[in-house]
Amino acid sequence: MKNYFSISEAAKAVGMTSETLRHYDRIGLVKPSLKDEWTNYRYYTREDIVRLNTVGALRRMDLPLKKIKKCSNMTIWKR
């Protein structure tokens, strides 16, 4: 079983674009578990994909990213 997924694999798994995942990383909403120091490539775990799916579900309920980020600061979202 695979431990890490590239940004394109993770984006495809959750039905988002790679740019959306980059945006979520920039704003600190969902950070990838691993970021290569040389290439800056982002790698996501299954746990990250669960978080991304949660964010997607909340967005479909029209929750703004600021509110989702506030919820994500709760301990249940922490690694």
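## Two crossing helices

The axes of helix 1 and helix 2 cross at roughly 105° and come within 8 Å. That angle makes helix 1 roughly perpendicular to helix 2. On the helix 1 side, the contact is made by I7, S8, A10 and A11, and these meet S18, L21 and R22 of helix 2. Before we go on, please keep in mind that this is a predicted model. If you wonder why two values were given for the pair, here is the background: two packed helices are described by the angle between their axes and the distance between the axes.

Let us walk along helix 1, which covers residues 7-14. Which of its residues are buried? They are I7, A10, A11 and V14. These four cover an arc of only 100° around the axis, so they sit on the same side of helix 1. Look at the other side of helix 1 and you will find K12 and A13, which are exposed.

What covers the buried residues of helix 1? The cover includes strand 1 (5-6), helix 2 (18-26), strand 3 (42-44) and helix 3 (46-60). After helix 1 comes G15, with a positive phi near 70°.

## Helix 2 and its buried side

Helix 2 can be read in the same way. Its buried residues include S18, L21, Y24 and D25. They cover an arc of only 120° around the axis, which puts them on the same side of helix 2. The partners they pack against are helix 1, strand 2, strand 3, helix 3 and helix 4. Just after helix 2, G28 has a positive phi of about 80°.

## The nonpolar core

Some background first: in soluble globular proteins, nonpolar side chains tend to be buried together. Here the largest nonpolar core has 16 residues. Which of them touch the most other members? They are L21, Y24, L29, V30, Y44, L52 and V55. Helix 1, helix 2 and helix 3 each supply at least two residues of this core.

Setting aside residues up to four places away in sequence, L21 touches I7, A10, A11, M16, Y44 and L52. Of these, I7, A10 and A11 are among the buried residues of helix 1.

Now turn to the strands. Strands of a sheet pair through backbone hydrogen bonds, either parallel or antiparallel. This model has an open sheet of three strands in the order 1-3-2, and the pairing is antiparallel. Strand 1 and strand 2 are the edge strands, each pairing on one side only.

Strand 1 and strand 3 pair over two bridges, in the antiparallel sense. Helix 3 lies across strand 1 and strand 3, and it runs at about 90° to strand 3.

## Loops worth a visit

Most residues other than glycine have a negative phi, and most peptide bonds are trans. N40 is not a glycine, yet its phi is positive, near 65°. N40 lies in the loop between strand 2 (34-35) and strand 3, and it counts as partly exposed because its relative accessibility is 46%. D62 is also not a glycine and has a positive phi of about 65°. D62 is found in the loop between helix 3 and helix 4 (65-72). Is D62 buried or exposed? With a relative accessible area of 65%, D62 is exposed.

L63 lies in that loop between helix 3 and helix 4 as well. At 26% relative accessibility, L63 counts as partly exposed. Leaving aside neighbours within four places in sequence, L63 is in contact with L58 and I68. The C-alpha atoms of L63 and T17 are separated by 19 Å, and these residues are 46 residues apart along the chain.

P32 has its place in the loop between helix 2 and strand 2. P32 has a relative accessible area of 10%, so it is buried. P32 and I49 are 17 residues apart in sequence, and in space they are 9.3 Å apart from C-alpha to C-alpha.

Definitions and conventions:
Residues numbered from 1 in each chain as written. Heavy atoms only, no water. Buried < 20%, exposed > 50% of the residue type's maximum accessible area, 1.4 Å probe, protein only. Arc of directions from axis to C-beta. Contact = heavy atoms within 4.5 Å. Core = buried A, V, L, I, M, F, W, Y, C linked by side-chain atoms within 4.5 Å. Pairing = 2+ DSSP bridges. Axes fitted to C-alpha atoms, helices over the stretch in contact; angles between N-to-C directions. Parallel < 35°, antiparallel > 145°, perpendicular 65-115°, else oblique.
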